[in-house]
Amino acid sequence: MLSLGIESTAHTFSCAIIEKKGKQGRILSDIRKIYRPPEGEGIHPREASRHHAENSPQVLAECLQKSGIKINDLDLVSYAAGPGLGPCLRIGAVVARSLASYYGMPIYPVNHALGHIELGKMLTGAKDPLVLLVSGGHTMILAFLSKKWRVFGETLDITLGQLIDQIGRHTGFASPCGPKIEELASKSSTYVQLPYVVKGNDVSFSGLLSATKRIIPQGLESACFSLQETAFSMIGEATERALSFTGKKELLVVGGVAANKRLSDILTSICKRHNCTFFVAPKEYAGDCGSQISWLGLLESSKKDGVELEDTFVRQSWRIDTVEVTY
Amino acid sequence: MAFSILLKLVKRGAEADIYLTTWNGRKSILKIRKRKDYRNELLDNRIRTLRTIREAKMISEVKSFGVSTPLVYFVDQKKCEIFLQFVPGKLARDLPNGTIIKICKEIGRIVGTLHKNGIMHGDLTTSNFILARERLVIMDFGLAQKTEKVEDHAIDLRLFKEVLNSAHVNIVSKSWESFLLGYQKIVGRTRMERVISQVSVIEKRGRYANVV
């Protein structure tokens, strides 16, 4: 089975083709174009969608060319229908609908967050993990239980990615700011006290954001260091609570922030303490990409038919814990 | 060594290691909040010390208004250790579904009593209640706080609901109903309704929970 996946939920427009044989998938190509806002600013949904619209033909052409697959040989097309920014989601949906109607392929609207998890599982080989999804749109701890991914803990306000990006933008970088903040943090070891808010399995970052902005004048590097230490320790504790409660023996980290080395180190140490195996999505597939969408489309197609064109929706607010998993 | 106690690791919790031991001849639980090597040392010390002290204080306080908790035998602030009474029984989490639904009413009563006396528990999960000989005992007060705020009490309820929703999927509505029944008995209808409406406010803050 060959599937084309289209991702356009936020700053990334990406097309990918995966071939599925049995339970295994092989990524034949995964092409991305990332919208970069001006320095000091965040994603402007209209500008991002314009970027996606302008770049979609080229990304699609490159994706097909690199895979060596002819468009007629594709068995299905899937697109990320949410959650995400409305204008951006619509671009991906339009591209998918056009292909589906012109070439008569089955079409699958899929959940972006679920795509992160499923591709992570496929690439790492994790079987029944507790999942930590950390990105610009999500900060959630999840486990699979009777047909759905259940939320064991999450952020009560902004996400880990937003926290880092907003601090980055405050100091004048362009989103995504993760690598910049990580680099600055690695140059300091001076910890300045910041609010640490864990409520049961949940975390709250908004107070930490304001407090970090306040300590930036005392030194940007120590502020970044203290921010990372505090935020990651909070996530670490929430994860540890969920591990200890669920008794899961695997932890899988997916999402853009999974690329952060310090976070990985913390989680590795936690897994050692709880005797569980640590999996992290490979760096190039941790952030948003078409492969996540393509793979999920393949999984869904094993149990379900595609949807009619008039039922190809986009949904900005689409929580993963409402999706029933059939495959 | 005069201080030769037998230590048996019972559980490696999220926050602390739990050992079975003895204290002055009595069976006892030793709860050690060990240094976490992944956490910055300053931050780590602050968290461990604060929570150890808080837990001991809160346990003594809630005893005063009749909530069953393990007794505190001894606290070592420096080592972040607490010796607690050993309570034989089963965790609420591991009980059969029917029993969980039934005891949720009692859990509601206990939580109501805490709230009525201005205390939020902060970590209301089904693994923090032990059913011991027909009596329900609540533990783990490391995240507890003194607060009368509706928002804080709602956070307690929301967390409990989240736990039911994730770990006890098949009995969510029945056990939640049963919980509220017990909770209302103690705090009264008006207060309960205020707290519940705040719970939905908090839930709507969740990512992608609001349909736009």
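User: What joins strand S4 of chain A to S5(A), and in which direction do the two run relative to each other, parallel or antiparallel?

Analyst: In this predicted model, strand S4 (residues 76-82) of chain A is joined to S5(A) by five bridges, and the two strands run parallel. They count as a pair because the requirement is at least two bridges between them, and five are found here. One place where they face each other is at A:Tyr79, which stands opposite A:Pro109 in S5(A).

User: What makes strand S5 of chain A mostly covered?

Analyst: Strand S5 (residues 107-111) of chain A has five residues, and five of them are buried. Each is called buried because 20 or more other C-beta atoms lie within 10 Å of its own. The burial holds on either side of the strand: A:Ile107, A:Pro109 and A:Asn111 point one way from S5(A), A:Tyr108 and A:Val110 point the other way, and all are buried.

User: Why does A:Lys187 count as exposed?

Analyst: A:Lys187 has 11 C-beta neighbours inside 10 Å, and a residue is called exposed if that number is 12 or fewer, so A:Lys187 falls on the exposed side of the limit. It is found in the loop between helix H5 (178-185) and strand S9 (198-199) of chain A. From A:Lys187 to A:Ser317, which is 130 residues away along the chain, the C-alpha atoms are separated by 38 Å.

User: Why are strand S8 and strand S12 of chain A said to stand at the edges?

Analyst: The sheet they belong to is open, with five strands in the order S8-S7-S6-S11-S12 (chain A) and mixed pairing. Strand S8 (148-154) and strand S12 (277-280) each have a single partner strand, so one side of each is left without a neighbour in the sheet. From one strand to the next, the twist averages 25°. At the S12 end, strand S11 (residues 250-254) of chain A runs parallel to S12(A) and is joined to it by four bridges, with A:Leu251 standing opposite A:Phe278 in S12(A). Helix H8 (residues 261-273) of chain A lies across S11 and S12 of chain A, at about 155° to S12(A).

User: Why are strand S6 and strand S9 of chain B placed at the edges?

Analyst: Chain B has an open sheet of three strands in the order S6-S8-S9, with antiparallel pairing. Strand S6 (90-91) and strand S9 (135-138) of chain B each have a single partner strand, so one side of each is left without a neighbour in the sheet. Strand S8 (residues 129-132) of chain B and S9(B) run antiparallel and are joined by four bridges, and B:Phe129 stands opposite B:Ile138 in S9(B). Helix H2 (residues 97-116) of chain B packs on this sheet, touching S8 and S9 of chain B, and its direction makes about 50° with that of S9(B).

User: Which residues of chain B take part in the contact with chain A, and which helix gives the largest share?

Analyst: The contact takes 29 residues from chain B and 36 residues from chain A. Helix H1 (41-64) and helix H3 (150-167) of chain B each supply at least two residues of the side that touches chain A, and the largest share, five residues, comes from H3(B). By class, this side of chain B divides into 13 nonpolar, nine polar and seven charged residues.

User: What makes H3(B) mostly covered, and what span does it reach against the span expected?

Analyst: Of the 18 residues of H3(B), 13 are buried, and the helix is mostly covered on that count. From its first C-alpha to its last, H3(B) reaches 26 Å, close to the 26 Å expected at 1.5 Å a residue.

How values were computed
Residues numbered from 1 in each chain as written. Chains lettered and ligands numbered in written order. Predicted model: local features only at pLDDT ≥ 70, side-chain atom pairs only at ≥ 80, totals over all residues. Contact = placed C-beta atoms within 7 Å. Nonpolar A, V, L, I, M, F, W, Y, C, P; charged D, E, K, R; others polar. Expected span 1.5 Å × (residues − 1). Axes fitted to C-alpha atoms, helices over the stretch in contact; angles between N-to-C directions.
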